Amino acid sequence: MIQISESAQVHFRKLIDREAIPGLGVRLSAVRPGTPGADVRLEFAEPGELNGDEWAIDCEGFTLWLDGASTQYLDGAEIDYEARATGGQLQIRAPRIKGEAPAESASLVERVRWVVEQEINPQLAQHRGHVSVEQVTAEGEVYLRFGGGCHGCGMVDVTLKQGIEKTLMGKVQGVTAVRDATDHDSGTAPYIRRDSAA
């Protein structure tokens with residue numbers, strides 16, 4: 001499930017021994033798993049701080065507790081510690097933490113949502129914006145709702161047609177059109193105001 005190198009185990013043991021707390025272990029969990037912003041959290045944990053759904057991985061001299069809800073995202077993770085002259089560096093590689101793209105056999109909605117969350121929203125975030133999938137019709141029309149800096153932005157039509165629609169139609173088989181379901185007149189903090197985009 002998770003590979004912990006000998007050097008990482010030695011590093012954890014030194015830190016735990018320094019704390020001198022009976023039963024102290026290390027808890028590993030995924031933060032925002034399945035999203036482009038996914039990360040790992042590694043922290044000390046005393047037995048009384050555990051939720052009860054953790055998986056125990058027995059190491060030499062301590063226990064690594066794996067958060068139960070994080071197991072699917074941290075399966076296959078590797079923890080290593082590289083000693084250096086200036087100290088050392090702990091490295092955690094979790095290849096599944098951002099999730100896995102749905103198979104071609106997955107529903108159109110699942111495949112559209114994956115591309116929106118993994119590719120489109122990280123780009124829009126650069127302008128404080130985001131989109132959410134409102135509806136996907138049987139005919140392959142995707143209706144999106146813009147938020148943040150995209151809500152009321154004067155460039156939203158360009159973003160929709162030249163960016164989002166091109167991306168979705170190019171990457172998700174079955175998408176026939178992409179439509180905007182947003183009332184842009186109600187936007188309060190657009191990245192570019194509609195009256196200045198003309």
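Author: UniProt positions are given in the numbering used here, feature names are shortened, and annotations may be inferred rather than shown by experiment. Residues are numbered from 1 along each chain as its sequence is written. This is a predicted model, in which local features need pLDDT of at least 70 and side-chain atom pairs count only at pLDDT 80 or more, while totals for chains, interfaces and linings use all residues, and side-chain values use heavy atoms, with hydrogens and water left out.

Reader: Which residues does the UniProt annotation "binding site" cover?

Author: The annotation comes from an unreviewed UniProt entry. The residues that the record places under "binding site" are Cys150 and Cys153.

Reader: Is Cys150 buried or exposed?

Author: Cys150 is found in the loop between β9 (141-148) and α4 (156-171), where helices (H or I, at least four residues) and strands (E, at least two) are DSSP runs, numbered from the N terminus. Buried means under 20% relative accessible area, exposed over 50% and partly exposed in between, with a 1.4 Å probe and protein chains only. Because its relative accessibility is 8%, Cys150 counts as buried.

Reader: Which residues does Cys153 touch, not counting residues up to four places away in sequence?

Author: Cys153 is likewise found in the loop between β9 and α4, and at 7% relative accessibility this residue counts as buried. Contact means heavy atoms within 4.5 Å. With that cut-off, Cys153 touches His184, Pro190, Tyr191, Ile192 and Arg194.

Reader: How much space lies in the largest pocket?

Author: On a 1 Å grid over the protein atoms alone, a pocket is an open set of points with protein on both sides within 12 Å along at least five of seven lines, and lining residues have an atom within 4 Å of a point. Grid points are joined across faces, edges and corners, and a volume is the space filled by probe spheres set on the points. Computed in this way, the space in the largest pocket is about 320 Å³.

Reader: Which element gives the most to the lining of the largest pocket?

Author: Of the 19 residues that line the largest pocket, those closest to its centre are Gln123, Leu124, His127, Cys150 and Thr159. Both α3 (108-124) and α4 supply at least two residues each of this lining. The element that gives the most, with seven residues, is α4.

How values were computed. 1 Å grid on protein atoms, 1.4 Å probe; cavity = no way out; pocket = protein on both sides within 12 Å on 5 of 7 lines; lining within 4 Å.
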